[in-house]
Amino acid sequence: MALGKETEMGLKELFKANAEDYLTLTFLADKLEALGRKEEAKLLREKARVEYGHAMGIFEKLLQNADVTKLLGEFVKEEGQEHVAEYDNVAMKAKEEGHLDIEKMLCSYAEQEKDIAESTAKVLALLSDFAREEEMEHVSEYNDVAMKAKEEGHADIEAMLCAYAEQEKQIAETVKKVAKAL
């Protein structure tokens, strides 16, 4: 059953919050450990793992109940537009306030965000194209040659190619599932 709009948006926000909490607790644990505060670091790492578990559980529910291609498309848009704009805005503020090192770091990160979005979009497009080609062109080609082999009295080749055509369909279905799982 598809999620309602509010439930889906709420799960997305909770996923982001838990992922952020996981990273914050992990980074703090690393700092505490570097300061020799191993017990405190251990406690924070335990709590970070709980946050990670929450994020994974929510992400799994999103994958089960939402169009994964749509989620990936939203990720590409957010990564390519919103995140880059946020990095650029903060970089300009840092520059205005005299923090050129922060500006340089954030501008570099913005370029990496663009690259992540472009790469993700390319992978999604490649998988979609591959699945379509596998399903439409390859299966059709196998069937065409199989029918010609049958007409020419090669039942063994016909049987082999028909079996291959079925396998091609399964490959296409698998690729579609992988694309949706991304």
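The model is predicted, so to speak of local features a pLDDT of at least 70 is needed and side-chain atom pairs count only at pLDDT 80 or more, while totals for chains, interfaces and linings use all residues. Residues are numbered from 1 along each chain as its sequence is written, and side-chain values use heavy atoms, with hydrogens and water left out.

Helix α1 covers residues 5–34, 30 residues in all. From its first C-alpha to its last, α1 reaches 44 Å, close to the 44 Å expected at 1.5 Å a residue; the expected span is 1.5 Å times one less than the number of residues. After α1 comes Gly36, with a positive phi near 85°. Helix α2 has 28 residues and reaches 41 Å between its first and last C-alpha, close to the expected 40 Å.

In α1 they are Glu8, Leu11, Lys12, Asn18, Leu25, Thr26 and Ala29; in α2 they are Ala41, Ala48, Glu51, Ala55, Ile58 and Leu62.

Leu11, Ile58, Leu62, Ala66 and Leu71 form the largest nonpolar core, that is, a set of buried Ala, Val, Leu, Ile, Met, Phe, Trp, Tyr and Cys residues joined through side-chain atoms within 4.5 Å. Beyond its neighbours within four places in sequence, Ile58 is in contact with Leu11, Leu14, Phe15 and Asn18. Glu8 of helix α1 counts as buried because its relative accessible area is 9%. Setting aside neighbours within four places, Glu8 is in contact with Leu3, Leu62, Ala66, Lys70 and Leu71.

Open space comes next. A pocket is an open set of points on a 1 Å grid over the protein atoms alone, where a 1.4 Å probe fits, with protein on both sides within 12 Å along at least five of seven lines; lining residues have an atom within 4 Å of a point. The largest pocket holds about 690 Å³, a volume being the space filled by probe spheres set on the points, which are joined across faces, edges and corners. Of its 21 lining residues, Lys16, Leu71, Glu74, Phe75 and Glu78 lie nearest the centre. Helices α1, α2 (38–65) and α3 (68–96) each supply at least two lining residues, and α3 gives the most, with 11. The second largest pocket, of about 200 Å³, is lined by Phe15, Ala19, Glu20, Tyr22, Leu23, Thr24 and Phe27.

Val84, in helix α3, is buried, with a relative accessible area of 5%. Apart from neighbours within four places in sequence, Val84 is in contact with Glu79, Ala110, Glu113 and Lys114. Leu100 and Glu103 are touched by Lys95, not counting residues up to four places away in sequence.

Key. Buried < 20%, exposed > 50% of the residue type's maximum accessible area, 1.4 Å probe, protein only. Contact = heavy atoms within 4.5 Å. Helix = DSSP H or I, 4+ residues; strand = E, 2+ residues; numbered from the N terminus.
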